[in-house]
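Here are my notes on the model, as numbered points. Please read them with the structure open.

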Amino acid sequence: MAHRLLVNVIFTGASVFGRAFTEAYKQAAKATAATPQGGAAKSSSVGGIPTEEALKILDLKKSDLSLDKVDEKYAYLFDVNSKEKGNSFYLQSKVYYAMDSLRKELEYLDKLKKAKEGGQGDAGPTLT
């Protein structure tokens, strides 16, 4: 009797696990199929920070965004937050990753702009 009960528990658990695994696989496949494959792709860094947060960290506005401004703010904030001046490596990392995210965003927007100029005309990209 106990043997039969144990076998039923094992088979029931296996079938529940199998259904859950199948459903998770279907969801993952659907999510993968939904991602765009063509066009210029944004690259992301290890500590990728969303653009809005990166703008706040470097105290920049979308309208003022340029490589020169990003580099200027980065150099200042990275220096101010150095360990030698009593601040933390964590803050320096946030500043670095904010700069990295904004540089990649600017490169992405530049690629989009060049692709549009080559294809349809001069409609400037907006910051996403």
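1. Start with the charged pair D71 and R103. The two residues form a salt bridge, and their closest N and O atoms are 3.1 Å apart. D71 sits in helix α3 and R103 in helix α4, so this bridge ties together parts that are 32 residues apart in sequence. Keep in mind throughout that this is a predicted model.

2. How accessible are the two partners? D71 has a relative accessible area of 29%, so D71 is partly exposed. R103 comes to 28% relative accessibility, and R103 therefore also counts as partly exposed.

3. D59 belongs to the loop between α2 and α3, while K73 belongs to helix α3, so the pair ties together parts 14 residues apart in sequence. D59 is exposed, at 57% relative accessible area. K73 is partly exposed, at 25%.

4. The backbone of D59 deserves a look too. Its phi is positive, about 55°, although D59 is not a glycine. The loop that holds D59 lies between α2 (51-57) and α3.

5. D110 counts as partly exposed at 36% relative accessibility. K114 counts as exposed at 54%.

6. Now the helix α3 itself. The helix has 14 residues. From its first C-alpha to its last, α3 reaches 20 Å, close to the 20 Å expected at 1.5 Å a residue.

7. Which residues of α3 are buried? They are V70, Y74 and L77. These residues cover an arc of only 80° around the axis, which means they are on the same side of α3. The face turned away from that buried side carries the exposed residues D68, E72 and Y76.

8. On to the rings. A search of the whole structure gives four aromatic pairs. One of them is Y74 with F78, a tilted pair with 5.3 Å centre to centre and 40° between the planes. Tilted covers the angles left between stacked, under 30 degrees, and edge-to-face, over 60. Y74 and F78 both lie in helix α3 (residues 67-80), four residues apart, about one turn of the helix.

9. Are Y74 and F78 buried or partly exposed? Y74 has 19% relative accessibility, so Y74 counts as buried. The limit for buried is under 20%. F78 has 30% relative accessibility, so F78 counts as partly exposed.

10. Y96 and Y97 make an edge-to-face pair, because the planes are at 70°, with the ring centres 5.3 Å apart. Y96 counts as partly exposed at 35% relative accessibility. Y97 counts as partly exposed at 26%. Ring pairs link Y74, F78, Y96 and Y97 into a cluster.

11. Last, N81. Where does N81 lie? N81 is in the loop between α3 and α4 (89-119). N81 has a relative accessible area of 12%, so this residue is buried. The N81 side chain reaches the backbone oxygen of L77 at 2.9 Å. L77 is itself one of the buried residues of α3. Setting aside neighbours within four places in sequence, N81 is in contact with N87, S88, L91, Q92 and V95.

Terms used: Residues numbered from 1 in each chain as written. Heavy atoms only, no water. Phe/Tyr/Trp six-rings, centres within 6.5 Å; stacked < 30°, edge-to-face > 60°. Helix = DSSP H or I, 4+ residues; strand = E, 2+ residues; numbered from the N terminus. Buried < 20%, exposed > 50% of the residue type's maximum accessible area, 1.4 Å probe, protein only. Polar contact = N/O pair within 3.5 Å; in protein donor to acceptor, adjacent residues only side chain to side chain. Contact = heavy atoms within 4.5 Å. Salt bridge = Lys/Arg side-chain N within 4 Å of Asp/Glu carboxyl O. Expected span 1.5 Å × (residues − 1). Arc of directions from axis to C-beta.
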